Amino acid sequence: MRKTLDEGRSKGLILAPGTLQSATIGMPGVATLLLIGWSMNRMRLIQLRGFSPGCLTAALWCFLSFASAMPAAIAQEESGRPNANGNDDEAPVNVSVPTWDRLTVKLDAEASRSVDGKIEIEALDGSLLFQDMLGHLLLLKSHEVLEREQHKEPVELTAAALESRLKEELPDGFRLHQTRHYTFCYWTDREYTQWVATLYERLFAGFNNYWKNRGFDPQPAKRPLIVLVFANRAQFERFARTDMKSEPTGIIGYYHVLNNWVVMYDLMADGQFGNRDRGLSQALSHPNAMPMVATIVHEATHQLMYNNGMQQRLADIPLWVSEGLAVYFEAPDITSKQGWKGIGKINVLRYQRAKQYLRQRPADSLATLIQDDKRFRDGTMTLDAYAEAWALNYFLLKKYAKPYQAYLQELSKKTPLVPQTGEERIALFEEKLGKSLNDIDREFVQFLQKLQ
Ligand SMILES: [Zn+2]
């Protein structure tokens, strides 16, 4: 649905921290934080601070989170049966868009060109938030849009059109692997890609079952979820440098919230997890591989949440929610043949850190976690913020499942690019949970103290 920002809401548009992309670093204990702005030259990111009323020019936070090492299996809460095993090529998905817009745009020195898609938001100054047919989000200033027309007849993004669009954007030499919900563009071998595909399809099924069992009806996007799997680290770095507009130091995979794809490389390429002949699953269940596997699951979780109606890209979703849930779901289950069983287990590293944090936890810790995302951005506090966010999600999903669900539903309706104040964030939390922050805090701390 097209939305127009009104005066009252256009006091300033800022993107939710963590929404640009969440990448995970394969070095536990290291968090990198970047502030990048976004100017609308397709996916081009530039340094930018500040924003003006009613204008979609916005500062974007790119928050790079980090992986946790995998916990030993403790408690199984949920399992989901996979809808597809990820090993078979499915028929390519054609996406039908009933009403669509064609824009003629001219960006900087580029020649003018047409883009098809959907205007998501139109700001007072005429700038647009536009989603193209591939799912990329574009922020267009009014002077960059030369012409616009709306089409009522449906248009289809066919598999062939999808492939040709991908070829325009990606380095040469990739092959496609289509599963029920994902389109994999891969430069590595097919076996590794199929392994990731199986993992992702099982996560997809388990994740959606998890929410369905709790009364939330996920609305998976009709468009396939795109995953890029490069052959090795060097190739990944070359691409990521352009895609992220920053050095991917220590990063082994990320979700790009504007491009809506997960990017990774073949973890087996460098031979650090032994011989592939032993079987990929066995090699990748090596303890050293587990944090990395957690990373690719973590990033896929972000992609799922942004594509099943739980969260809107570029909406102000508090990081304790988006990162806390990704950490909650990141535990992979690569041994089970029956489906995803990793959901709901205690994340041991986050748990241990949260227990440590309890010893010096400030009285206003819950308030600072919820009211803004500063603790996630400050490298000295990031680990504690992630640990507390994991613990809070764990607590709420165990003890306040329904009210928390209602809170998440409310967040799912948030308009992209409209920030909430700290007071608004806390008020919404208290309203949906039905208790004061102090009461919740008391129960939360008691719960965590007893948790084993
Ligand atoms: Zn994340």
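## Packing of two helices

The axes of helices H10 (residues 382-399) and H13 (residues 437-450) come within 10 Å and cross at roughly 100 degrees; axes are lines fitted to C-alpha atoms, for helices over the stretch in contact, and angles run from 0 to 180 degrees between N-to-C directions. H10 is therefore roughly perpendicular to H13, a term that covers 65 to 115 degrees, while angles under 35 count as roughly parallel, over 145 as roughly antiparallel and the rest as oblique. On the H10 side, Ala391, Leu392, Phe395 and Lys399 make the contact, and Phe444, Phe447 and Leu448 do so on the H13 side (contact requires C-beta atoms, placed from the backbone, within 7 Å). By class, this contact has 6 nonpolar, no polar and 1 charged residues; Ala, Val, Leu, Ile, Met, Phe, Trp, Tyr, Cys and Pro count as nonpolar, Asp, Glu, Lys and Arg as charged, and the others, Gly among them, as polar.

## Basis of the model

This is a predicted model, in which local features need pLDDT of at least 70, side-chain atom pairs count only at pLDDT 80 or more, and totals for chains, interfaces and linings use all residues. Residues are numbered from 1 along each chain as its sequence is written. Helices (H or I, at least four residues) and strands (E, at least two) are DSSP runs numbered from the N terminus.

Of the 18 residues of H10, 15 are buried (20 or more other C-beta atoms within 10 Å of the residue's own; exposed means 12 or fewer, partly exposed in between, with C-beta atoms placed from the backbone).

Helix H12 (residues 422-433) has 12 residues and should span 16 Å; its end C-alpha atoms are 17 Å apart, which agrees. Glycine 434 follows H12 and has a positive phi, near 75 degrees.

Strand E18 (residues 261-265) is largely enclosed by the rest of the structure, because 5 of its 5 residues are buried. Trp261, Val263 and Tyr265 cover one side, and Val262 and Met264 the other.

E18 runs parallel to strand E16 (residues 225-230), joined by 5 bridges; pairing requires at least two DSSP bridges. Tryptophan 261 is the bridge partner of isoleucine 226. Strand E17 (residues 251-256) pairs with E18 in the antiparallel sense over 4 bridges, and glycine 253 stands opposite methionine 264.

Methods. Two residues are in contact if their C-beta atoms, placed from the backbone, lie within 7 Å. The expected span of a helix is 1.5 Å times one less than its number of residues.
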